[in-house]
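Welcome, and please open the structure in your viewer. We will go from stop to stop, selecting as we go.

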Amino acid sequence: MIRERIVTDIELEKALDWLRDNAKEMGDAKAETIRASHMVKVVRALEMKKHNDKSVAHQEREALASETYRKALERDAVAAGEYEKMRALREAAALKIEAWRSEQANYRAMKI
């Protein structure tokens with residue numbers, strides 16, 4: 001009885017290539033996530049500063065209601081989503097490699 005392989009050599013090669021070829025893009029995605037997250041705080045402070053003559057509660061309300069703040073939040077969410085997508089793809093590639101390794105170990109054990 002011939003059993004299909006869980007992970008072919010071609011799939012293994014593709015997974016290894018993906019990990020190598022996307023390392024920089026993954027780092028860039030993480031950097032953008034950090035930048036976007038910090039920019040939300042900067043935008044909030046700048047928007048509050050526009051209403052410096054009002055109470056802190058009023059400043060905060062105006063900042064949170066501003067279009068600039070909404071755009072900063074959207075950028076943060078997009079950056080986080082892109083990074084999580086990259087992490088999931090990296091994990092999938094790593095799991096594929098691990099499945100191949102297990103399959104190879106089982107194959108070697110059956111030959112003995």
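The tour below visits a pair of helices and then some salt bridges.

**Before you start.** This is a predicted model, in which local features need pLDDT of at least 70 and side-chain atom pairs count only at pLDDT 80 or more, while totals for chains, interfaces and linings use all residues. Residues are numbered from 1 along each chain as its sequence is written, and side-chain values use heavy atoms, with hydrogens and water left out.

**Stop 1: the helix pair.** Select residues 23–49, helix α2, together with residues 67–111, helix α4. Helices here are DSSP runs (H or I, at least four residues), numbered from the N terminus. The two pack at an angle of about 160°, and their axes are 8 Å apart; axes are lines fitted to C-alpha atoms over the stretch in contact, and angles run from 0 to 180 degrees between N-to-C directions. α2 and α4 are therefore roughly antiparallel, a term for angles over 145 degrees. Turn the view to see α2 pass α4 in a left-handed crossing, meaning that the near helix is turned anticlockwise from the far one by less than a right angle.

What classes of residue make up the contact of α2 with α4? It has 13 nonpolar, 3 polar and 10 charged residues. Ala, Val, Leu, Ile, Met, Phe, Trp, Tyr, Cys and Pro count as nonpolar, Asp, Glu, Lys and Arg as charged, and the others, Gly among them, as polar.

**Stop 2: Lys50 and Glu47.** Now show side chains. A search of the whole structure finds 13 salt bridges (a side-chain nitrogen of Lys or Arg within 4 Å of a carboxyl oxygen of Asp or Glu). In the one between Lys50 and Glu47, the closest N and O atoms are 2.9 Å apart. Is Glu47 buried or exposed? With 8% relative accessibility, Glu47 counts as buried, whereas Lys50 at 57% counts as exposed. Buried means under 20% relative accessible area, exposed over 50%, and partly exposed in between (1.4 Å probe, protein chains only).

**Stop 3: along α4.** Select Glu82 and Lys85, which lie 3 residues apart in helix α4, about one turn. Their salt bridge has its closest N and O atoms 3.7 Å apart. Glu82 is partly exposed at 41%, and Lys85 is partly exposed at 45%.

Next, pick Arg101 and Glu98, whose salt bridge brings the closest N and O atoms to 3.2 Å. About one helical turn of α4 separates them, as they are 3 residues apart. Glu98 is partly exposed, at 38% relative accessibility.

**Last stop.** Finish with Arg5, Asp9 and Glu103, which are linked in a network of salt bridges.

Methods: Angles under 35 degrees count as roughly parallel, over 145 as roughly antiparallel, 65 to 115 as roughly perpendicular and the rest as oblique.
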